Amino acid sequence: FNRGAMLTRLNQPHAARAWFERAAAGGDGRAAYNLGLMVVESDPSSARTWFERGARLGCVEAMAHLGYMLREESPAKAMKWLERAADAGDRDAMVNCGVLSQRLAESWFKKAAAAGDTGALANLAYLLRGLRPDDSRQWAQRAVDSSDPELDDTLDILFPDDKPKMS
């Protein structure tokens, strides 16, 4: 695996692929995941196969990518892989679990926020806006206080008349 990663950094994808294939054949999930990344644009079907292999071998990133790929085709399978990746600490998987399942959205967005994902703060504010306005406002305030400039437009849309101010 390490040689494949080094060759990837040196922009030698063909040589890297050979090393990743060896490592994946030996049971390295990270190598299978990297093989999936190498073909995800040109051959999504092969990428899926590599991500499935990497996920079965315990690679958290492969679990997350596989779940994301399956979200339209099979939401239940997607949620299975996303939850496994989220439970292992993958922040993007936590957010994707929230997006995929409204029933579990609040829980996943809170986990992602606790892990440092500032976008999850805005997602919580939006999710709770009509259900629990006071809670929504608190999450929006935390988003403002995070000083993440990417959230400014989102919060302007969520609170057009009374966007929280930095505390």
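Predicted model: local features only at pLDDT ≥ 70, side-chain atom pairs only at ≥ 80, totals over all residues.
1. Helix 5 supplies Val60, Met63, Ala64, Leu66, Gly67, Tyr68 and Leu70. Helix 6 supplies Pro75, Lys77, Ala78, Trp81, Leu82, Arg84 and Ala85. By class, the contact has 11 nonpolar, 1 polar and 2 charged residues. Gly counts as polar here, and Lys and Arg as charged.

2. Check the backbone at serine 147. Its phi is positive, about 60 degrees, although the residue is not a glycine. Most residues other than glycine have a negative phi. Serine 147 sits in the loop between helix 10 (133-145) and helix 11 (151-158). At 47% relative accessibility, it counts as partly exposed (buried is under 20%, exposed over 50%, partly exposed in between; 1.4 Å probe, protein chains only).

3. On confidence: pLDDT, the predictor's score for each residue, runs from 0 to 100. The protein averages 88, and 98% of the residues score at least 70. Confidence is lowest in helix 1 (residues 2-9), at a mean of 73. It is highest in helix 4 (residues 44-56), at 96.

4. Conventions. Local features need pLDDT of at least 70, side-chain atom pairs count only at 80 or more, and totals for chains, interfaces and linings use all residues. Numbering starts from 1 along each chain as its sequence is written, and side-chain values use heavy atoms, leaving out hydrogens and water.

Notes:
Contact = heavy atoms within 4.5 Å. Helix = DSSP H or I, 4+ residues; strand = E, 2+ residues; numbered from the N terminus.
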